[in-house]
Amino acid sequence: MYRIGICANMEEAKKLEEACRQYGERQNLALDSETWFSADALTEEIRRGREFEVLFVEITDTEDSAIGLGKCLREEQRNFKTQLIYLANRECYSRALIQTMPFDYLLTGNSMEAVEDILDRVFLTLRRAAEKFEFKFGKNYFSIPTEDIVYVCSDLRRVRVKTKEEEFEFNGLLRDVIAGMPKDFIVIHKSFIINKTHVISYAYETVKLSDGTILSISKTNRSRVKKCMMAGRRTA
């Protein structure tokens with residue numbers, strides 16, 4: 001069962017609920033959607049432990065409530081798994097919104113096809129998050145969910161895999177690792193690969209990750225990393 005939270009005005013909420021219902025029937029997915037009309041009320045639900053795979057959140061003129069919800073999700077709850085989609089009546093890509101790591105933006109009043117396009121990409125991302133990264137070190141075999149990996153780095157022929165709780169090492173080359181990783185993994189330096197879903201703040205020269213690590217982006221990678229970080233943040 002995939003849980004979808006919708007926080008929007010009544011008209012937009014009804015349209016999204018219907019789009020999710022139809023999408024679930026066509027894709028044979030069990031989707032359970034629930035609606036709120038106040039971002040502050042939904043924020044309190046999240047603080048009390050409510051979890052969702054997908055959240056649609058309408059941006060008001062001030063943006064404050066939507067930003068507060070996003071910060072609660074990412075900074076207070078340390079939840080980097082929920083796919084957050086902002087709804088707006090105009091294009092808005094403020095720094096404060098981007099730092100809450102939205103999956104995408106959707107213009108209110110858009111067609112059912114636009115909603116379904118986002119849902120296609122959301123569920124592709126969720127399926128990829130369930131993938132495993134497998135490797136052998138010595139006589140031991142390891143299988144780690146790729147969504148748990150914060151970054152991968154290398155020193156000569158030694159590769160280190162860092163999650164928020166653990167660190168693993170094995171013999172190998174970084175270029176061989178990236179070849180088998182989902183597209184959310186980005187090379188920022190010849191010795192570092194980061195998981196985009198664990199980026200909590202991004203600047204042109206550095207990234208801060210969910211475990212508190214701050215890494216530099218090499219000059220040769222900055223333009224490409226910027227494109228990768230902004231990919232998917234288009235208005236449908």
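This short talk describes the fold, the cores and a few individual residues of the structure shown above.

The model is predicted, so I begin with conventions: local features need pLDDT of at least 70, side-chain atom pairs count only at pLDDT 80 or more, and totals for chains, interfaces and linings use all residues. Residues are numbered from 1 along each chain as its sequence is written, and side-chain values use heavy atoms, with hydrogens and water left out.

Let me start with the overall picture. The protein has 7 helices and 15 strands; helices (H or I, at least four residues) and strands (E, at least two) are DSSP runs, numbered from the N terminus. Its radius of gyration is 19 Å, close to the 18 Å that the globule rule gives for 236 residues, so the protein is as compact as a globular protein of that length. That radius is taken over C-alpha atoms, and the globule rule is 2.2 Å times the number of residues to the power 0.38. Along the principal axes, the C-alpha atoms fill a box of roughly 55 × 35 × 35 Å.

Of the 236 residues, 46% are buried. Here buried means under 20% relative accessible area, exposed means over 50%, and partly exposed lies in between, with a 1.4 Å probe and protein chains only. Among contacts with a separation of 6 or more, 56% join residues 24 or more positions apart; a contact means heavy atoms within 4.5 Å.

Now the surface and the charges. The protein exposes about 12,300 Å², of which carbon and sulfur atoms supply 48%; the areas come from the Shrake-Rupley method with a 1.4 Å probe, and for residues only the protein chains shown count as cover. There are 37 positive and 37 negative side chains, and the centres of the two sets lie 8 Å apart. Lys and Arg count as positive and Asp and Glu as negative, while His and the chain ends are not counted. Each charge is placed at NZ of Lys, CZ of Arg, CG of Asp or CD of Glu.

I turn to the interior. In soluble globular proteins, nonpolar side chains tend to be buried together. A nonpolar core is a set of buried Ala, Val, Leu, Ile, Met, Phe, Trp, Tyr and Cys residues joined through side-chain atoms within 4.5 Å. Which members of the largest nonpolar core touch the most other members? They are Phe56, Ile85, Leu106 and Val122, out of 21 residues. At least two residues of this core come from each of β1 (2-7), α1 (10-27), β3 (54-58), β4 (83-88) and α5 (112-129). The largest share, 7 residues, is supplied by α5. A second, separate core has 19 residues, including Trp36, Leu42, Leu73 and Tyr86.

Leaving aside neighbours within four places in sequence, Phe56 is in contact with Ile4, Gly5, Ile6, Cys7, Leu16, Cys20, Ile85, Leu87 and Leu119.

Ile6 and Glu34 are 28 residues apart in sequence, yet their C-alpha atoms are 6.1 Å apart in space. Beyond four places in sequence, the residues that Ile6 touches include Ala13, Trp36 and Phe56. Ala13, in helix α1, counts as buried at 2% relative accessibility.

Next, helix α3, residues 64-76. Its buried residues are Ala66, Ile67, Leu69, Gly70, Cys72, Leu73 and Arg74, and they pack against α2 (39-47), β3, β4 and α4 (95-98).

Backbone geometry comes next. Most residues other than glycine have a negative phi, and most peptide bonds are trans. Arg78, which follows α3, has a positive phi of about 55° although it is not a glycine. Arg78 is found in the loop between α3 and β4 and is partly exposed, with a relative accessible area of 33%. Asn28 also has a positive phi of about 55° without being a glycine. Asn28 sits in the loop between α1 and β2 (31-36) and is exposed, at 73% relative accessible area.

Not counting residues up to four places away in sequence, Ser191 touches Val152, Cys153, Ser154 and Leu174.
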